[in-house]
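Subject: Structure handover and findings

Hello,

I am passing on a structure for you to look through. Please open it first and keep it beside you while you read the notes below.

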Amino acid sequence: MSSLAIVAPHCTTSRLQRYALKSPTDELLVTRAKEGDRNAFRMLVVRHQQGIARTVASMLGPVVEVDDVVQEVFIRFYQTLARFRGDAACRTYLKRIAINLSLDTLRRRKRLASRFVSRDNESMYVPEARDESADPEGFDRRRLLEQALASLRPHHRAVVVLRLIDGYSTKEAAEILGVPSGTVLSRLSRAVQHLRSILGPILEYEA
């Protein structure tokens, strides 16, 4: 069964969280997981699931698909453990899976959206309901940032997420995406220019 609950049941218990954030290292946990130690794999899930969720949410927007994609990331990781040689850090390997699955999701979304809207619309998502009454100003800012990210072409968005949100270097982002460093720099430049065209006037007004 394709379920994270099967791969890593009870992975969010506080006891496991406390232990996972300490030792052992990712490398040792991967080795143990390859040997069939499910507790080791559960600790990897607990240690990395928050960062993976942030990446996926940045790619897809605040939609219900995020949880499904995050779950699929760790299922894919579990299924490919035997082939994971440790050439890249565990976190980097997971980010690569997360970005690829997010791009797949965006492609499916675009195909579906093209049945109803113009093909010129690069991105489309339906945000989850939020409570604006608690912090309307903060809500507007989050919504603006989400919409600005969603307006980027998917591969440009991936570069922005990796470089500006996740903090990877240009070289690391290139390795994750499987493209030359020059491509990362070019996409980032175009993406930042586009974001400034949307966010610039607001940021200048707030300043």
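This is a predicted model: local features need pLDDT of at least 70, side-chain atom pairs count only at pLDDT 80 or more; totals for chains, interfaces and linings use all residues.

Residues are numbered from 1 along each chain as its sequence is written, and side-chain values use heavy atoms, with hydrogens and water left out.

The whole chain

The chain has ten helices and zero strands. Here helices (H or I, at least four residues) and strands (E, at least two) are DSSP runs, numbered from the N terminus. In sequence order the pattern is α-α-α-α-α-α-α-α-α-α.

The chain has 207 residues, and 42% of them count as buried. Buried means under 20% relative accessible area, exposed means over 50%, and partly exposed lies in between (1.4 Å probe, protein chains only).

Contact means heavy atoms within 4.5 Å. Among contacts between residues at least 6 apart in sequence, 67% join residues at least 24 apart.

Helix α5 covers residues 65–79, which is 15 residues. From first C-alpha to last it reaches 21 Å, close to the 21 Å expected at 1.5 Å a residue. The expected span is 1.5 Å times one less than the number of residues. Which residues of α5 are buried? They are Val66, Val69, Val70, Val73, Phe74, Ile75 and Phe77.

Ile97, in helix α6, is buried at 13% relative accessibility. Not counting residues up to four places away in sequence, Ile97 touches Val73, Arg76 and Phe77. Ile97 and Phe77 are 20 residues apart in sequence, and their C-alpha atoms are 7.8 Å apart in space.

Salt bridges

A salt bridge is a side-chain nitrogen of Lys or Arg within 4 Å of a carboxyl oxygen of Asp or Glu. How many salt bridges does a search of the whole structure find? It finds six.

One of them joins Arg76 and Glu72, at 2.9 Å from N to O. Both residues lie in α5, four residues apart, about one turn of the helix. Arg76 is partly exposed at 36% relative accessible area, and Glu72 is partly exposed at 25%.

Asp104 and Arg107 form another salt bridge, at 2.4 Å from N to O. Both are in helix α6 (residues 90–113), three residues apart, about one turn of the helix. Asp104 is partly exposed at 29%, as is Arg107 at 39%. An α-helix has 3.6 residues a turn, so residues three or four places apart point the same way.

Arg54 forms a salt bridge with Asp166, with the closest N and O atoms 3.6 Å apart. This pair links distant parts of the chain: Arg54 is in helix α4 (residues 38–60), and Asp166 is in the loop between α8 (154–165) and α9 (170–177), 112 residues apart.

Lys95 is found in helix α6 and is buried, with a relative accessible area of 1%. Leaving aside neighbours within four places in sequence, Lys95 is in contact with Gly51, Ile52, Arg54, Thr55, Asp166, Tyr168 and Ile176.

Packing of α4 and α8

Helices α4 and α8 pack at an angle of about 145°, with their axes 9 Å apart. Axes are lines fitted to C-alpha atoms, for helices over the stretch in contact, and angles run from 0 to 180 degrees between N-to-C directions. Arg54, Thr55, Ser58 and Met59 in α4 meet Pro154, Arg157, Ala158, Val161 and Ile165 in α8.

Asp26

Asp26 lies in helix α3 (residues 26–34) and is buried, with a relative accessible area of 14%.

Regards
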